[in-house]
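Please open the model in your viewer and keep the selection tool at hand.

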Amino acid sequence: MAIASSLVLLSSMDHSHRVWEDPSYFRWRKRDAHVPLRSHDTIEGSLRYWYHQNKVDILHSDSAVWNDEAVSQSLVSAQFWVTGLPFVKSLSGYWNFYLASSPATIPLNFHDIGFDDSIWKSLPVPSNWQMHGFDRPIYTNTTYPFPLHPPHVPLDNPTGCYRRHFCIPKEWKDRRIILHFEGVDSAFFVWINGILIGYSQDSRLPAEFEITDCCYPTDSDKENILAVQVMRWSDGSYLEDQDHWWLSGIHRDVLLIAKPKVFIVDYFFRTNLDDLSEVDIQVEVKLDGLQKYPEGRNLANFTIEAVLYDNARYSTWDVDDDTFDPGSYKVIHMMVESPRVDIHGLHGYMLTGKFTEPKLWSSEHPNLYTLVIILKGESGKLLDCESCQVGIRQISRAPKQMLVNGLPVVIRGVNRHEHHPRTGKTNLETCMIKDLVLMKQYNINAVRNSHYPQHPRWYELCDLFGVYMIDEANIETHGFNDSSNFKHPTLESTWASSMLDRVVGMVERDKNHACIIAWSLGNESSYGPNHGALAGWVRGKDPSRFVHYEGGGSRTSSTDIVCPMYMRVWDMVKIAADPHEGRPLILCEYSHAMGNSNGNIYEYWKAIDSVVGLQGGFIWDWADQGLLKEGKDGIKHWAYGGDFGDVINDLNFCLNGLTWPDRTPHPALHEVKYVYQPIKVSLAESKIKIANLQFFEATAALEFSWSLQGDGCSLGTGKLELPIISPQSIHEVEIESSPWYSLWNSCLAAEIFLTITVKLEHSTRWAKRGHVLASTQVSLPSRRNLVEHVISFIQNSCFVSESAGNIITIRKENNWCIKFNTLTGTIERWELGGCLLTDKDIIPCFWRAPTDNDKGGGPDSYASRWKAALLDNLSFQLNHCSVERQTDNVLLITASYFGVPLCNSQTNSGEAITNTISTNYMLFRVDASYWIYASGDIIIEYKVNPNGDLPPLPRVGVEFHVDQSLDCIKWYGRGPFECYPDRKEAAHVGIYEADVADLFVPYIVPGECAGRADVRWVAFRNASGFGLFASAYGASPPMQMSASYYSAAELDRATHNEDLVRGKDIEVHLDHKHMGLGGDDSWSPCVHDEYLVHPVPYSFSIRFSPIFPSQSPAEIYGSQLPHQS
């Protein structure tokens, strides 16, 4: 491994050799990677430390902050993580800071003791300087934000200069002092009291330097001066081209660690489970200082001990502090084997132990032990003490399967970047807890650290909450794909050492975490011999875990998992069926959650749940990477690429999350929770099958309940008494012996739905008692023979019809008034009891505001093809309109229109226009029949004939506008949250009510939203109860419905949610057909065929009715339901 000489480093100071542009120089005087050190003073202190660190739960997540308060809270978190560690001191706080335009323009000798920094600004550490007004954030997906000319970076290279004073506590006298940086982006030099201490690269791993000889004695009154120079760009940046914001600075904690002359520097906890009932333990311990200090040269002077403490007594997070008793732990001691010396001269010990009935760690049972390692001197006095949390579990292989504790657990995962909308890459304790609480609540059991090692506390929390993890090296060179002039670094030997250093640093730091099931060699960095070397080192170091790497096609010899990105379901099934492929398939990325997305995810899980060899995947990704930025209105909004003046950017491709930046869930997260739920319910013949898909947990702690509804109305509810269902077992409930049987058997409803809900009986670390773990709705067959029912609308009443010019006015006394325009062939105004329902046309609609997925694919995208076909610019020109039938109580008007691009539409006076518009411009022919009854009901029958050359259509339906006073909406269909044809499994059918404003989903980039699927009827009412009812009619299936104060045109126009201009009325869409959202990826048109709306003829009918305060929408709908023969 290349290490720069001091001469070379000093030459970099005068820029004769810029080491930050030399891939062979990536560290100098930097200590070797190892596990985090805590330097306890006593064994009891170590146990008490973990006792407090582990007391985290859902209540802590409620304290997560995402605004300016997060800056101060990040400093609070940094202090909390070292509380209870007498020999660890956090240097977090406000440092003096100066940003130079380049390394060449830094203040001369700013690192000297006597340098005057009084005019410098202050900057919190940890932080990214771009989040505090220095420089600007840059977002790119694959493109490097500077010219691709490796290993060189621009001369214009913003460089942060930091200075901070500190004192060594007097209690640390005669101890060695370690300066520890958790993470600095991207390369930096460090000085103590004017002495150059070292240099480091790798923005996501620690850099540690011994500074003992450079610090003033503890009894000195002098303060030490720490100075740091951080370059924004370095040759290391070429290895850090991940899809996220480029942010710089000391973004993780800075620590001082005091150690004795000889100390525990590293240890590796390993277990072997033969039959899961007995565990063999090995702990490899390394010491530092044995060669350096005279007192360390005689091994006989030292005793090493390792003890395992069972945390079961304190695994409950709500135990009072007063109950802590270090003597209450169950203790497992280990024996020392012969010491040995490794190739670096570090002395090591191997300690072994064995015990029976271990409490195994898994996502379902995250049992942890506290490992304490003690170094004692000749007199038996404790010299050093280290500790960590460990779990006993076994990762093993079977044909086409990865096993955890002998079972093929399914990965219900998500990718997670470190991202905070206010602090950037700086972590907060409560915000990490919030992520885990939400993940567990939405049935996510695994996380892929995309695409770099994350904050050390994140791993401790994943161990604690029970989340499987793929830990990923900080290597991505995606931007090299855009160049034919340069090879990917994996193909170049000059980059090999730097790449290996990143993998070694990750494994050595994180090796003791139970949550890690696989090591990833990085992301999207092509494939070459360097990857083979990385895989070889990892397998040699830690054969107990899988190696993961997607590059090179996801099936190279350097990966133990077939781990494709965005593979289609049918291709996954083919690989699983390949008899020559013995590895499990786990999607490292799938279901791209960009905006209104995650369609088709149910199709993925139908395959995963049924095909051996498919073992799950990781959704891309967890949170929208929006940053807070003050807008023209003085309010902070979510910003994305380009919003900070960053010229090279990838716009909103950073907004791919299942949550908003403040972790408010997107509607799609409900669908994720549904497909990930561990209790599955299905109807098979006359039985309800309840499957416990958990691998280790029976259903003893779960409460099952049922509810039955008919035509949207509740028929009954109750607790479902079941025997305990073992893991991976099924229990069947015969409908005839079920508690709902009599209600179902006597029900005369046309539609009957049974919902089985599963809740937690007791609170857990991540959820309160009563949390819904799973909920499934199944349709039960109706208990009556149904025939189509024709409504008698006449009701012995009549209306008055008058014609004046091109307006036909139909009114009934003072109840309602309808105006029909024969020039346009549409209803243009409707009033009810003096209340305006609508004063705009009810017209066909075939357009939607494109979603991010609709826009993906360049000229081949759905949106591009729609706009090329001018679907966004349609005008409906009347072909003919005539009154076909008129009596005192019914009026039939027929009309036909041609849908033509607005630029080709023609004004007419009502006469037929068939011969005046070229068929080349006729995109649609629509025939409509309006049946207007004295009851006030209107049945509109549509026949739609699209031009067969059109692309798949966004929708086929009608658009109308209701008065803004009709803002209370009630519907019978799927809900209560947004859902679409290919993302609706989680949305149960029921009757829901909301304000129109609450239907809107504020995606950061606006587009089609607010839809509700399978809507039977919908009612819009004002505060007085007057309103408009609409329902699918006759043989027409349920509709896709949306209602919004923002028109489709406005949603298409605005580029940010805050730019939307609210309309003066409510735009309503009722769709006979609506295209799915897609989401297999967001850069190609990939809505599955069954969810496309092909340009073929369609027929459908919609019923409109006025609603009076005394009427119920359900009763109106009931009048049109099929009746019993």
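Select Arg 397 together with Phe 546: the arginine lies over the face of the phenylalanine, at 4.1 Å from the ring centre, where a charge counts as sitting over a ring if NZ of Lys or CZ of Arg is within 6 Å of the ring centre and within 35 degrees of the ring normal. Next take Lys 511, which lies over the face of Phe 268, at 6.0 Å from the ring centre. This is a predicted model, in which local features need pLDDT of at least 70 and side-chain atom pairs count only at pLDDT 80 or more, while totals for chains, interfaces and linings use all residues. Residues are numbered from 1 along each chain as its sequence is written, and side-chain values use heavy atoms, with hydrogens and water left out.

The whole structure holds 51 aromatic pairs, a pair being two rings of Phe, Tyr or Trp (its six-membered ring) with centres within 6.5 Å, called stacked if the planes are under 30 degrees apart, edge-to-face if over 60 and tilted for the rest. Select Phe 97 and Tyr 162, whose ring centres are 4.9 Å apart and whose planes stand at 65°, so the pair is edge-to-face. Phe 97 belongs to strand β3 (residues 93-100) and Tyr 162 to strand β6 (residues 159-166), so the pair ties together parts that are 65 residues apart in sequence; helices (H or I, at least four residues) and strands (E, at least two) are DSSP runs, numbered from the N terminus. Phe 97 and Tyr 162 are buried, that is, under 20% relative accessible area, with exposed meaning over 50% and partly exposed in between (1.4 Å probe, protein chains only).

Move on to Trp 245 and Phe 644, where the ring centres are 5.7 Å apart and the planes at 85°, so this pair is edge-to-face. Trp 245 lies in strand β13 (residues 244-246) and Phe 644 in the loop between β35 (636-639) and α11 (668-676), so parts that are 399 residues apart in sequence are tied together. Trp 245 and Phe 644 are both buried.

For the last stop, select Trp 20, Tyr 98, Phe 110, Phe 115, Trp 120, Phe 189, Trp 191 and Tyr 199, and you will have one aromatic cluster on display.
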